[in-house]
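Let's take a friendly walk through this one. Have the structure open beside you and look up each residue as it comes along.

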Amino acid sequence: MKDMKFAWATMAVVLLWAFGCSKDDGPTVPSGTFEIDQSSMDFGHVPKGEVKSMKATVTNEGEGDLMLKEVAFSGTNASDFNLGSSIADRTIQMGASLELEVVFEPTQIGAKEALLTINSNLGVHTVKLSGESLDPDGVVNVPDAALKTRLLGLGKTSNGTLEGYTTSIIDTNEDGEIQVSEAWAQEGLLMCLDGEVTDMTGLEAFVNIRALLISGTQVSALDLSDNQALEFVFVQDNVLTQLDISELPNLRGLYCNDNQLTSLDVSNNPELKELMVYKNQLTGLDVSQNPNLNRLVASDNQLGSLDVTNNTELVQLRVHNNQLTALDFTNNAKLIALWANGNELSQLDLSQNTLLMDLDISNNQLNTLDISKLLLLEELSCGNNQLTNLDLSNNVELKSLSCIYNALTNLDVTQNTKLISLSCFDNGLASLDVSQNVALQSLYCGVNELTALDVSSNVALSYLTCEQNQLVSLNLANGVNQELFLMNAQNNDLSCIQIDEGFVPPVDWVKDETANYNSNCP
């Protein structure tokens, strides 16, 4: 009986273990992910017999392996597409990626379509493929007569060089037409400067050009999807409202200023280093995908915000005359020049921008400004704000200062011995010591509360305005009064203005009638 009880107890334990442990209690097998950055690939126009390739990237962001098993092309024109190399049985480990080269090699003229299918241990991905094969001997359609004339004249009646690329003769067989093969052969600069041009149809045939200059035309829309070799695009001073550069992965410089653009997508241009979009109508601009950007000029637009935190290579930024209320420069440690004047900024943190040499933040709403970390600063313009204090003691390299139209009651420039230009017009200054600024060439200190001004140490001075103060003493005797081309001391309480002995002031010097010139004022 005891043995039977033991047997039943043992069986109960076994059953409890068997039914109490589910599959979920076992070890979990890590799983990878299967991601591809392209859902479709358009190869554009390709002459028959030529080859064009594009790239797609497969990524595994999971914790297990991604194993690519097979690749297949299907569809009517499947034979016109292939892979640059086999990827069968390729394993992509966690956090890794694989770049696929897809090749379009058409054998017949016409539009081509196919479907690329990639099988893996984690499922299937498909990519739509398309392209058009052109007849190399076919004539490029250029309906705009003015454009055709300009293209046929390149290398003959007109020449140019841009970023090291030069124009060359297009119509090499001199038949007065542009064959597809002739357009395809162009690898340098394509240029059009003509106010009569309104239509750029035909540009798509020049698939190998590296630089493009279109300026002073009446062109309103420009699609550069087929010109994927472009590295520099100069399309300033047109009437562009649309510009498509989404298929230019090698683009390094874009200059589209002085147009009528309301939007611009640069998210697919990772190599972009210079972007000039000033004098357009942009309300937004996303440069977060341009990590190599080192020069951005987006002034005179309608930008309400701008994020440059990803642009760590930025050296020059000009965003003046927009509607910006905030800017974060804490990640832009390489910034040398910053123009953000004419916005609505109320605060600014420049503590990380220690390389700044040129700073213009005038015409904003700043009531404080800390530039103590800017030891290399040479030019500062902070006028038309609400500043009550400005500490310049650490800015010993300063050469130009404009702090007009603020509420400063004190301004110490004794440490700024390299100062060449000083404009402190319309503040509340009661005194101003410029005795240490021997390099000073221009001084504009009108509309303050100065009672005395001595510029006898400023031997380089050429321009001086000190009107509308409360001056009772003005010493101009620096030994070189003949070099002082402009002098205005009007609307003060002066009776005597001290000048160099023997010097006769010119008639265009301005003073009150009650003031006299003398070489020895009391």
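## Aromatic rings

Start with two phenylalanines: Phe 43 and Phe 81 are both buried. This is a predicted model, by the way, so keep that in mind as you look around. Phe 43 and Phe 81 also belong to one aromatic cluster, together with Phe 104.

In the whole structure, eight aromatic pairs turn up. Take Phe 43 and Phe 81: their ring centres are 5.8 Å apart and their planes sit at 55 degrees, so this pair counts as tilted. Phe 43 belongs to strand S2 (residues 40-47) and Phe 81 to strand S5 (residues 81-83), so the pair ties together parts that are 38 residues apart in sequence. Now compare Trp 509 and Tyr 517, with ring centres 5.9 Å apart and planes at 65 degrees, so here the pair is edge-to-face. Trp 509 counts as buried because its relative accessibility is 5%, while Tyr 517, with a relative accessible area of 24%, is partly exposed.

## Around strand S7

Next, find strand S7, which covers residues 97-104 and holds Leu 100. Is Leu 100 buried or exposed? With a relative accessible area of 3%, Leu 100 is buried. Look for Gly 84 as well: the C-alpha atoms of Gly 84 and Leu 100 are 7.5 Å apart, and the two residues are separated by 16 residues along the chain.

Glu 99 pairs with Lys 55, and their closest N and O atoms are 3.5 Å apart. Glu 99 is in strand S7 and Lys 55 is in strand S3 (residues 52-59), so the bridge links distant parts of the chain, 44 residues apart.

How many salt bridges does the structure hold? There are eight salt bridges. One of them brings together the side chains of Glu 231 and Arg 210, at 3.6 Å from N to O. Glu 231 is in the loop between strand S14 (221-223) and strand S15 (232-234), and Arg 210 is in the loop between strand S12 (189-193) and strand S13 (211-215), so this pair ties together parts that are 21 residues apart in sequence. Glu 231 is buried, with 14% relative accessible area, whereas Arg 210 is partly exposed at 30%.

Another bridge joins the side chains of Lys 334 and Glu 313, at 2.8 Å from N to O. Lys 334 sits in the loop between strand S20 (316-318) and S21, and Glu 313 sits in the loop between strand S19 (295-297) and S20, so parts that are 21 residues apart in sequence are tied together here. Lys 334 is partly exposed at 38% relative accessibility, and Glu 313 is partly exposed at 31%. Salt bridges can share partners too: Arg 210, Glu 231 and Arg 252 are joined into one network that way.

## Patches on the surface

Met 357 is found in the loop between strand S21 (337-339) and strand S22 (358-360), and with 30% relative accessibility Met 357 counts as partly exposed.

There's a negative patch as well, built from Asp 265, Asp 286, Asp 307, Asp 328, Asp 349, Asp 370, Asp 391, Asp 412, Asp 433 and Asp 454. Asp 454 is part of strand S27 (residues 452-454) and is partly exposed, with a relative accessible area of 40%.

## Two positive phi angles

Last stop: a pair of backbone angles. Glu 174 isn't a glycine, yet its phi is positive, at about 55 degrees. You'll find Glu 174 in the loop between strand S11 (165-166) and helix H3 (180-184). At 63% relative accessibility, Glu 174 counts as exposed.

Asp 258 is another residue other than glycine with a positive phi, near 60 degrees. Asp 258 sits in the loop between strand S17 (253-255) and strand S18 (274-276), and is partly exposed with a relative accessible area of 28%.

How values were computed: Residues are numbered from 1 along each chain as its sequence is written. This is a predicted model: local features need pLDDT of at least 70, side-chain atom pairs count only at pLDDT 80 or more; totals for chains, interfaces and linings use all residues. Side-chain values use heavy atoms; hydrogens and water are left out. Helices (H or I, at least four residues) and strands (E, at least two) are DSSP runs, numbered from the N terminus. Buried means under 20% relative accessible area, exposed over 50%, partly exposed in between (1.4 Å probe, protein chains only). Patches are made of residues with over 30% relative accessible area and no salt bridge: like charges are joined within 9 Å, nonpolar side chains (Val, Leu, Ile, Met, Phe, Trp, Tyr) within 5 Å. Accessible areas come from the Shrake-Rupley method with a 1.4 Å probe; for residues, only the protein chains shown count as cover. A salt bridge is a side-chain nitrogen of Lys or Arg within 4 Å of a carboxyl oxygen of Asp or Glu. Lys and Arg count as positive and Asp and Glu as negative; His and the chain ends are not counted. The place of a charge is taken as NZ of Lys, CZ of Arg, CG of Asp or CD of Glu. Rings of Phe, Tyr and Trp (its six-membered ring) pair if their centres lie within 6.5 Å; planes under 30 degrees apart count as stacked, over 60 as edge-to-face and the rest as tilted.
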